[in-house]
Amino acid sequence: METILNYFETIPPLHRGIIIVGGLTFFWIIEGMVPLFGSNYKKWKHAIPNIFFTITTILVNLPLAFLFLKSSDWVMANNFGIINWLPEMPIWLYVILGIFLIDFIGAYLPHLIEHKVKPLWMVHLVHHSDHHVDTTTANRHHPLESLIRYVFTLMGIFIIGTPIALVMLYQSLSIIATQFNHANIKLPKKVDNLLSYIIVSPDMHKVHHHYKLPYTDSNYGNIFSVWDRLFGTYMKLDTDKIIYGVDVFPNEKENSNVKDLLKQPFQKYRKPTSSIKE
């Protein structure tokens with residue numbers, strides 16, 4: 001475990017890029033072998049705006065990584081934060097606890113807030129307006145959202161007291177997890193259901209991308225599903241009934257155009273359709 005932490009403490013930007021590209025390529029290939037939904041969309045054309053936003057996410061995060069480093073150095077030097085105030089524990093427990101807490105403060109919490117605060121929802125809309133969710137959708141985030149998520153992660157470093165190694169380890173795990181749970185893959189129902197008790201499985205997350213409430217406002221988890229189950233935001237829906245996108249922003253042409261997507265957060269807010277029963 002110490003070897004892993006030592007590696008992520010100084011992980012080169014190139015290696016972080018390899019993780020993103022490698023995971024994307026791996027799940028892209030798997031999607032072609034066991035797809036959840038058919039090939040009724042142009043996979044390469046669909047990927048263009050999503051790859052664009054993956055690049056902008058990288059461009060936003062990489063230059064700001066030094067703030068993560070400085071903040072982590074400060075909390076460790078001053079013995080500040082939750083996991084630094086707890087009694088001494090085995091390193092494996094320290095790592096697991098740290099990752100769990102980052103997943104809550106840096107991922108679940110901001111995701112929930114983005115769905116509840118109108119201006120933030122309009123920013124997050126770029127992610128939800130994809131009409132064909134697959135592994136490339138994982139990093140389809142407006143640059144403003146990348147900044148929002150960055151601020152929450154930075155806040156998490158101070159609250160939790162995480163060293164930079166844990167932050168980088170979590171972000172690497174998060175990349176793979178989101179590429180996996182967005183992937184257009186069909187797992188055996190029992191396997192997917194079993195996974196969903198521990199991590200966010202593909203079928204579980206696809207419910208979150210259903211085009212209407214109340215399903216859009218459910219299953220906010222990033223890596224771990226425990227937060228949704230603990231806070232009552234977990235929902236199930238047969239994948240055959242899932243329709244991707246957002247009901248009040250139905251224009252697929254605009255939702256597939258980079259220029260229109262960049263302007264999407266500044267559109268007039270449209271109230272989602274009232275809750276329905278599927």
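Where does Phe 80 lie? In this predicted model, Phe 80 sits in the loop between helix H3 (43-77) and H4. Its relative accessible area is 31%, so Phe 80 counts as partly exposed. Patches take residues with over 30% relative accessible area.

Phe 80 belongs to a nonpolar surface patch of about 700 Å². Two helices, H4 (82-85) and H7 (143-161), each supply at least two of the patch residues. H7 gives the largest share, three residues.

Now turn to the annotations. An unreviewed UniProt entry places the feature "transmembrane region" at residues 17-38, 50-69, 89-109 and 150-170. Two of these spans can be followed in the model. Residues 50-69 are 100% helix and 0% strand. The end C-alpha atoms of that span lie 28 Å apart. Residues 89-109 are 90% helix, again with 0% strand. Here the end C-alpha atoms are 26 Å apart.

The unreviewed UniProt entry also carries the annotation "domain: Fatty acid hydroxylase", which covers residues 96-233. Over residues 96-233 the chain is 64% helix and 0% strand.

Technical notes
Residues are numbered from 1 along each chain as its sequence is written. This is a predicted model: local features need pLDDT of at least 70, side-chain atom pairs count only at pLDDT 80 or more; totals for chains, interfaces and linings use all residues. Side-chain values use heavy atoms; hydrogens and water are left out. Patches are made of residues with over 30% relative accessible area and no salt bridge: like charges are joined within 9 Å, nonpolar side chains (Val, Leu, Ile, Met, Phe, Trp, Tyr) within 5 Å. Accessible areas come from the Shrake-Rupley method with a 1.4 Å probe; for residues, only the protein chains shown count as cover. A salt bridge is a side-chain nitrogen of Lys or Arg within 4 Å of a carboxyl oxygen of Asp or Glu. Helices (H or I, at least four residues) and strands (E, at least two) are DSSP runs, numbered from the N terminus. Buried means under 20% relative accessible area, exposed over 50%, partly exposed in between (1.4 Å probe, protein chains only). UniProt positions are given in the numbering used here, feature names are shortened, and annotations may be inferred rather than shown by experiment.
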